[in-house]
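This report goes through the sheets and helix contacts of one protein. Please keep the structure open while reading.

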Amino acid sequence: MAVLYPGPYMAAVNSLGHQMIYFIANSVEGVMAERFVTDVEGSVESGARLSDFDVVLITLHFEGQLHVLSRILRSEGLSPGRGPILIGGGPALSNPLPGSFILDACFLGDGEPAVPKMLQILAEGGSPEDLEGLGAFVRGRASFVRSSLSYVPDRQIEVHLGQGPPVNPFLLEVNRGCSRGCRFCLLGWTQRPRRDRPWSQLRDQVELASSAGFTKVYLIGSEILAHPRIADLLWLIVERGLSFSLPSLRADLITRDILEAARASGERTITVAPETGSVRLKRVINKFIENETLLDLARDARELGFKKMRVYLMAGLPFEEKEDLQASADLIRSLSTHIRVEVSLSPFVPKPFTPFQWAPMDRPEELRSKAKFLSSRVPVRVKVGHPGRAAVQALISLGGREVGRVVWEASA
Ligand code: SF4
């Protein structure tokens, strides 16, 4: 079988989901898996063609990857319903309808518990219809499975340039899911509840990273700081002489101890995602992080030697007014009196199964004008997400099977 990531090789290596599916598939009796990415001709392992395989498992992190997948299939002379059985999974298939035009089955929940059973069924001659009940959306019927995070890979893909240590980071998932319920967030509504990896697993993974010669650990999780042993984990990584990299953090959970561990690991940037500086809008989106907390964090970070704070904001949130954007600008101005600030401004995209799924989305010209408004009122650089791409994301997030047909036709 083939394990396909619709993106370049290094992006695939940095996808824990892709790596896990590859290792799980190879552990199933009678199954041999090879990887496919966009910048390697044929499979990574043997150069075989996609059409040589009976089953293709595909990980889709972003909606736009459905288009990339369509182009890969076309370049291999494949089309929906003809050729290998195509099975997808990942956050971009939370609404499986567009993907179901191209794929024979879409996994809705976690892959670890389902993939071995699914591959056994297919290896014994089963069809996609037989996967019903295993957590897949097949021919209009859906089921859902959750992982308890008992599986953890006992090795990771290493990329070496010459004799040195792996140049890629070791991927360590601290927890999965989040129950905070921010109203715009797909994860906050489709990946409930948060599940923490046991301390023994985390400790063993750090030892594995260290003994395999990795120099950097990427910590993965939507609510990393809520793990009860997070500080112990960070200090263990530091003690083993490794550095770590954190995703964006909830500012109200960052303690001085966490900051000190991050500095000891060599981090110089702290990333937070308050989404807005407006107190009113914070309540609307149900993500209430006090501006004062952010300012305290900026002061502490500066004091401890951090050079930069990266701040994720959103534009076009439901019920947003000009005053809310002004409040975001005010927050950025205040933060930048304490530390160098870099702003990433993302357009709000309505996501399926969230309270905001039917909320209207700003048109690209409105988003551009809001980005201009904010940029002109802050003394820092603002990186703006592409409004056109956001519109396509929204279409695939909320569309039906007919959107899958459009994506397929557009890839010709
Ligand atoms: S935005 Fe972050 S804190 Fe809020 S629900 Fe999503 S993952 Fe959880």
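Predicted model: local features only at pLDDT ≥ 70, side-chain atom pairs only at ≥ 80, totals over all residues.

Strand E11 covers residues 216–220 and pairs with E12 in the parallel sense over 3 bridges. Within this pairing, Val-217 stands opposite Phe-244 in E12.

## The four-stranded sheet

Another open sheet holds 4 strands in the order E13-E14-E15-E16, and its pairing is parallel. The edge strands here are E13 (269–275) and E16 (382–384), each of which pairs on one side only. From one strand to the next, the twist averages 20°.

Strand E14 (residues 308–315) pairs with strand E15 (residues 340–347) in the parallel sense, over 8 bridges. Met-309 has Val-341 in E15 as its bridge partner. Helix H13 (residues 364–375) lies across E14, E15 and E16 and runs at about 165° to E15.

## Helices H11 and H12

Two packed helices are described by the angle between their axes and the distance between the axes. For helix H11 (residues 291–303) and helix H12 (residues 322–335), the axes come within 10 Å and cross at roughly 25°. Angles under 35 degrees count as roughly parallel, and H11 and H12 are therefore roughly parallel to each other. The crossing of H11 past H12 is right-handed.

Which residues of H11 and H12 meet? On the H11 side they are Asn-291, Leu-294, Leu-295 and Ala-298, and on the H12 side Leu-331, Ser-334 and Leu-335. By class, the residues of this contact of H11 with H12 comprise 5 nonpolar, 2 polar and no charged.

## Helices H3 and H15

Helix H3 (residues 65–75) and helix H15 (residues 401–410) have axes that come within 8 Å and cross at roughly 50°. H3 and H15 are therefore oblique to each other. Their crossing is right-handed.

From H3, the residues Leu-66, His-67, Ser-70, Leu-73 and Arg-74 take part in the contact. They meet Val-407, Trp-408, Glu-409 and Ala-410 in H15. The residues of the contact of H3 with H15 divide into 5 nonpolar, 2 polar and 2 charged.

## The whole chain

The protein contains 15 helices and 16 strands. Its C-alpha trace spans about 65 × 50 × 35 Å along the principal axes.

How does the radius of gyration stand against that of a compact globule, and what is its value? A compact globule with 412 residues would have a radius of gyration near 22 Å; the protein has 22 Å, which agrees.

Key
Residues numbered from 1 in each chain as written. Heavy atoms only, no water. Pairing = 2+ DSSP bridges. Helix = DSSP H or I, 4+ residues; strand = E, 2+ residues; numbered from the N terminus. Axes fitted to C-alpha atoms, helices over the stretch in contact; angles between N-to-C directions. Parallel < 35°, antiparallel > 145°, perpendicular 65-115°, else oblique. Left-handed = near helix turned anticlockwise from the far one by under 90°. Contact = heavy atoms within 4.5 Å. Nonpolar A, V, L, I, M, F, W, Y, C, P; charged D, E, K, R; others polar. Rg over C-alpha atoms; globule rule 2.2 N^0.38 Å.
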